[in-house]
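Welcome, and thank you for taking a look at this structure. Please open the sequence and the 3D view side by side, and we will walk through them topic by topic.

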Amino acid sequence: MLRFGLWQGNPLVGDIKGNLSGFEQVIRDHANGMIDVFVASECYVTGYPVEDLLDRPSFREEIITELKAFAERIRDLPPVIIGAPWPIEDKWHNAALFIQNGAIQDVRGKYLLPDYGVFDDSRIFSKSGLPGPMMILGHKIGVMVCADMWEPDVAEALCEAGAEILLVLNGSPYEHDKLDERIGHATARVVENDVPLIYLNM
């Protein structure tokens with residue numbers, strides 16, 4: 001099985017270069033053969049919630065330009081899964097990107113877009129379809145973005161398509177007593193699908 005290096009970073013909203021630079025340094029500091037895949041959280045590239053910054057064309061261009069440059073800089077390092085806003089078929093999604101060999105190899109968008117409490121995803125992002133797993137170093141990894149873990153549909157679709165493990169990227173804010181609720185949903189997905197689950201929050 002793969003060995004995941006989970007970076008529970010604290011990205012600054014809007015600081016694309018700084019956020020990517022910080023993660024790159026983490027990768028370089030720990031690229032010692034003990035970690036197969038490095039993982040950063042939901043919307044790590046831009047910080048979260050990104051809100052109306054994503055409406056700026058210059059900000060969108062910077063996301064694409066800086067992520068492609070980051071991918072090239074880590075070409076000879078282990079692969080990465082990272083959360084970022086990303087265009088899929090000309091619409092912007094809250095996505096998880098798989099980066100390897102100097103390029104963005106695969107992308108999965110967030111299916112469930114919350115619009116309650118502090119969340120505004122349904123206004124900012126386009127909804128993605130039910131995802132299939134990513135093929136990463138010979139393994140099928142079911143990558144989900146935050147709220148996708150809270151209902152059974154996404155995990156079920158991923159596992160029906162052969163996912164060996166579920167990996168959840170989160171930008172979930174602090175809320176008193178919410179930890180038990182998170183663990184409850186994660187446990188339910190594991191029991192329903194008989195696969196392990198990794199949960200990474202900011």
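Let us begin with Phe-70, which is buried, with a relative accessible area of 0%. Phe-23 has 0% relative accessibility too and also counts as buried. Please keep in mind that this is a predicted model.

**Aromatic rings**

- Searching the whole structure turns up two aromatic pairs.
- One of them is formed by Phe-23 and Phe-70, which are stacked, with 6.2 Å from centre to centre and 25 degrees between the planes.
- This pair links distant parts of the chain, since Phe-23 belongs to helix H1 (residues 16-30) and Phe-70 to helix H2 (residues 57-73), 47 residues apart.
- Tyr-44 joins in as well: ring pairs link Phe-23, Tyr-44 and Phe-70 into a cluster.
- Elsewhere, Lys-127 lies over the face of Tyr-111, at 4.4 Å from the ring centre.

**Nonpolar cores**

- The largest nonpolar core has 32 residues, and those touching the most other members are Phe-23, Ile-63, Leu-67, Phe-70, Val-80, Ile-82 and Ile-99.
- Two or more residues of this core come from each of H1, strand S2 (37-40), H2, strand S3 (80-88) and strand S4 (91-100).
- Another core lies apart from it and has 18 residues, including Ile-136, Ile-141, Val-143 and Leu-200.
- Which residues does Ile-63 touch, not counting residues up to four places away in sequence? They are Ile-16, Thr-46, Leu-54, Pro-85, Trp-86 and Trp-92.

**A four-stranded sheet**

- Four strands make an open sheet in the order S6-S7-S8-S9, and their pairing is mixed.
- At the edges are strand S6 (134-136) and strand S9 (197-200), each of which pairs on one side only.
- On average, neighbouring strands of this sheet are turned by 30 degrees against each other, direction ignored.
- Strand S7 (residues 139-145) pairs with strand S8 (residues 165-169) in the parallel sense, over five bridges.
- Ile-141 has Ile-165 in S8 as its bridge partner.

**Helix H4**

- Helix H4 (residues 152-160) packs on the sheet and touches S7 and S8, and its direction makes about 165 degrees with that of S7.
- Which residues of H4 are buried? They are Val-154, Ala-155, Ala-157, Leu-158 and Cys-159.
- The buried residues of H4 are covered by elements that include S7, S8 and helix H5 (178-193).
- Just after H4 comes Gly-162, which takes a positive phi of about 105 degrees.

- You will find Asp-15 in the loop between strand S1 (4-7) and H1.
- Leaving aside neighbours within four places in sequence, Asp-15 is in contact with Val-45 and Thr-46.
- Asp-15 and Val-45 are 30 residues apart along the chain, and their C-alpha atoms are separated by 7.9 Å.

Key:
Residues are numbered from 1 along each chain as its sequence is written. This is a predicted model: local features need pLDDT of at least 70, side-chain atom pairs count only at pLDDT 80 or more; totals for chains, interfaces and linings use all residues. Side-chain values use heavy atoms; hydrogens and water are left out. Two strands pair if DSSP finds at least two bridges between them. Axes are lines fitted to C-alpha atoms, for helices over the stretch in contact, and angles run from 0 to 180 degrees between N-to-C directions. Contact means heavy atoms within 4.5 Å. Rings of Phe, Tyr and Trp (its six-membered ring) pair if their centres lie within 6.5 Å; planes under 30 degrees apart count as stacked, over 60 as edge-to-face and the rest as tilted. Buried means under 20% relative accessible area, exposed over 50%, partly exposed in between (1.4 Å probe, protein chains only). A charge sits over a ring if NZ of Lys or CZ of Arg is within 6 Å of the ring centre and within 35 degrees of the ring normal. A nonpolar core is a set of buried Ala, Val, Leu, Ile, Met, Phe, Trp, Tyr and Cys residues joined through side-chain atoms within 4.5 Å.
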